[in-house]
Amino acid sequence: MKYFWFLLLPLLMSCAQFSTEPVAPDVTPRSLWQERRYEIMSFSNWSLRGRVTIRFGSRAENASFFWNGSLEEKEFKLLGPFGDGRLRLYEDAYGAVLQDETGQKLIGKSAEELLSTVSTWPIPFTQMNYWVRGLPAPGKHGGVALDYAGRARWFFQDGWKVEYTEYRMFDGVNLPKRIIISSLIDQTSVDQDSFQRDQSAEFVSVKLSIGSWSYSQKPG
């Protein structure tokens, strides 16, 4: 018996060297999610850039994009959509402006109003200002699926499925690196079951691959 404990002693010592602090019982994916929401909602300004792939039925187009957002205004730029074009969309409390590569401008009350004049399918510009940050937009949604770190994996909102396939650390905060936003264009609302079941309707998806993030936080 003494010999048995002598053999076991090195194993016990090695386990002690790699021991970790116990995890607090109140730290859960849900509590981590609440902390993330509070931190990200404290951003006063943010900007990101990367590549976007837009699929509509059998068509697919690629472009570079730049997104600048704040509590008061939003700006979205596309470089190279549908060929070699350039598009700038700006919105603040006074309205919105859509400008193409020739400098021609459209002015309207909102970004969605302007986008509806140039697109055959609805583009949720206001909601995407939240979705790109890894958050559902204010309003109704079907609940957020979380990973172990309290980050959003996917959710359904306003007829769109928003899925986060990769996160990366940017300036000390885990932020989305790859996002897939997809919808069935003939439906005004989509739940998880109908989204997976109905494959006959024409499909729309927007894939964002984000290369850089920057942000500043509200003081206090």
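This is a predicted model: local features need pLDDT of at least 70, side-chain atom pairs count only at pLDDT 80 or more; totals for chains, interfaces and linings use all residues.
1. A residue is called buried when its relative accessible area is under 20%, exposed when over 50%, and partly exposed in between (1.4 Å probe, protein chains only). Helices (H or I, at least four residues) and strands (E, at least two) are DSSP runs, numbered from the N terminus. In helix H3 (residues 111–118), Ala111, Leu114 and Leu115 are buried. They sit on the same side of H3 because they span an arc of only 100 degrees around the axis. That arc is taken from the directions from the helix axis to the C-beta atoms. An α-helix has 3.6 residues a turn, so residues three or four places apart point the same way.

2. What lies over that side? The cover on the buried residues of H3 includes strand S4 (86–92), strand S5 (95–99), strand S6 (105–108) and helix H4 (125–131).

3. Residues are numbered from 1 along each chain as its sequence is written, and side-chain values use heavy atoms, with hydrogens and water left out.

4. pLDDT is the predictor's confidence in each residue, from 0 to 100. Its mean over the chain is 79, and 74% of residues reach 70 or more.

5. Overall make-up: the chain has five helices and 11 strands. Of its 220 residues, 38% are buried. Among contacts with a separation of 6 or more, 45% join residues 24 or more positions apart.

6. Aromatic rings deserve a look. Rings of Phe, Tyr and Trp (its six-membered ring) pair if their centres lie within 6.5 Å; planes under 30 degrees apart are stacked, over 60 edge-to-face, the rest tilted. The count is seven aromatic pairs. Tryptophan 154 and phenylalanine 156 are edge-to-face, at 5.9 Å centre to centre with 75 degrees between the planes. Tryptophan 154 is partly exposed because its relative accessibility is 21%; phenylalanine 156, at 8%, is buried. Ring pairs also link Phe65, Trp67, Phe76 and Phe125 into a cluster.

7. Which rings does arginine 133 sit over? Its charged end is over the ring of tryptophan 46, 3.9 Å from the centre. Arginine 133 also lies over the face of tyrosine 130, 4.9 Å from the ring centre. The rule requires NZ of Lys or CZ of Arg within 6 Å of the ring centre and within 35 degrees of the ring normal.

Definitions and conventions:
Contact means heavy atoms within 4.5 Å.
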